[in-house]
Amino acid sequence: MVLVLNGVLQAKCPQDTQSLYNSHPVYRDSAGQLLSIQTKVIGPVGLLYVKQREFASTVPHDKHVTILGSDNATSCFIVVVRHTGSGAVALAHLDGTGTDEAVCTMIQRVQDLALGYPEGRLEVQLVGGYSDPNNYSEDLFINLMTSFHKQPMEIDLTLACIGQLNTTIRGGISWPLIYGVGINIKTGEIFPATFPDKGPESSLRNARYLTGCAEVLDIYDCNMGLLRIGPFNYKPLRGVDLWLEQNDECILRLLSTSPDVEPPQFVDEIRAALIYVREHPFPAVTVFGDNRPHFYRRDEHTGLWTRAVFS
């Protein structure tokens, strides 16, 4: 009994988004405030971009990162855990796979980074998901609430721009209003955002979740200022050549949980990931042959992530 809604400790989780909003109208207000902010286009300098089934954590005095962000969320949720005293923050892009472990690890990372700050509480903010026809987002909401509720510390839900509040109707089809958000790590401000640059080794990272790897990876060491990719392996994808022969509409319909509302770049990114899988069916051998992560650090002159090589 540790989930706090609108300042009140809960005996049980809300059963769906409708009951959350009916019982706690304050979440309608906070979602409306987020939706009223104009979407920002964020460039790569100072950005740490988090992909699906990834998370990253950091602190306000991080010299290498100013914004944590993620987008391309349709039925997925972008989850932010923050400690109000220290400003330590973690952001994840979750799709229902590996939720329990991700929630537990995010909280642990934030608590570790908040050591030495006696004041403050843990807050969680949820953005994304929409009223999709298959109720994927509703199932993920329940999954997330259950995961947070069984943690051994109080966690205050302060923002839930999800489900019906993140949905509009166009041409008879439900669409998400917000596909992505960024958080300013110094101020804690959350805002709608898109990120044209998805960070290094984008196709490799997309290939990992496309092939079914379930783990939600921690991709950043804020003490060292290093973006960390891998090492990991995935199973060879059967019929990858056949997939690559299909037209865009087929790929969209068969490889998306929300084909009617995907952003324009979805198919191109999936094709690039499929090509990567074809070229590297066993990344443990051809990509991570030394079983070491690929590290990237911020270039002091360009502000971009550049490969860091250690002897």
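Predicted model: local features only at pLDDT ≥ 70, side-chain atom pairs only at ≥ 80, totals over all residues.

In which loop is proline 236 found?

Reply: Proline 236 is in the loop between β17 (226-229) and α6 (240-245). The residue is partly exposed, with a relative accessible area of 41%. Leaving aside residues up to four places away in sequence, proline 236 touches Pro281 and Phe282. If you want a sense of distance, pick aspartate 197: it is 39 residues from proline 236 along the chain, and the two C-alpha atoms are 27 Å apart.

Phenylalanine 195 is in the loop between β14 (190-194) and α5 (202-210). Phenylalanine 195 is buried, at 1% relative accessible area, and forms an aromatic pair with tyrosine 49. The geometry is edge-to-face, with 5.6 Å from centre to centre and 65 degrees between the planes. Tyrosine 49 belongs to strand β4 (residues 47-49), so this pair links distant parts of the chain, 146 residues apart. Tyrosine 49 is buried too, at 5% relative accessibility. A search of the whole structure turns up three aromatic pairs, the one between tyrosine 49 and phenylalanine 195 among them.

Now for β14 itself. Three bridges join β14 to β13, and the two strands run antiparallel. Within that pairing, glycine 182 has phenylalanine 191 as its bridge partner in β14.

The charged end of arginine 298 sits over the ring of tryptophan 305, at 4.1 Å from its centre.

Next, the open sheet. The sheet has eight strands in the order β2-β1-β10-β9-β7-β8-β5-β15, and the pairing is mixed. At its edges are β2 (8-9) and β15 (217-218), each of which pairs on one side only. Helix α2 (residues 26-35) packs on the sheet and touches β1 (3-5), β9 (122-128) and β10 (155-162). The direction of helix α2 makes about 55 degrees with that of β10.

Phenylalanine 55 has aspartate 218 as its bridge partner in β15. With β8, on the other hand, β5 runs antiparallel, and five bridges join the two. Glutamate 54 stands opposite histidine 93 in β8. One more strand along, β7 (residues 77-83) runs antiparallel to β8 with six bridges between them. In that pairing, valine 81 has alanine 90 as its bridge partner in β8. The hairpin of β7 and β8 has five residues between the strands, with glycine 87 at a positive phi near 80 degrees.

Strand β8 (residues 89-94) deserves a moment of its own. Six of its six residues are buried, so β8 is largely enclosed by the rest of the structure. Val89, Leu91 and His93 point one way, while Ala90, Ala92 and Leu94 point the other way, and all are buried.

The structure holds zero disulfides. A disulfide is a covalent bond between the sulfur atoms of two cysteines, and the cut-off used here is sulfur atoms within 2.5 Å. For cysteine 13, the closest cysteine sulfur is in cysteine 104, 16 Å away, so that is too far for a bond. For cysteine 222, the closest cysteine sulfur is again in cysteine 104, and at 18 Å it is too far for a bond. Buried or exposed? Cysteine 13 is buried, with a relative accessible area of 12%, and cysteine 222 counts as buried at 15%.

Notes:
Residues numbered from 1 in each chain as written. Heavy atoms only, no water. Buried < 20%, exposed > 50% of the residue type's maximum accessible area, 1.4 Å probe, protein only. Phe/Tyr/Trp six-rings, centres within 6.5 Å; stacked < 30°, edge-to-face > 60°. Helix = DSSP H or I, 4+ residues; strand = E, 2+ residues; numbered from the N terminus. Lys NZ or Arg CZ within 6 Å of the ring centre and 35° of its normal. Pairing = 2+ DSSP bridges. Contact = heavy atoms within 4.5 Å. Axes fitted to C-alpha atoms, helices over the stretch in contact; angles between N-to-C directions.
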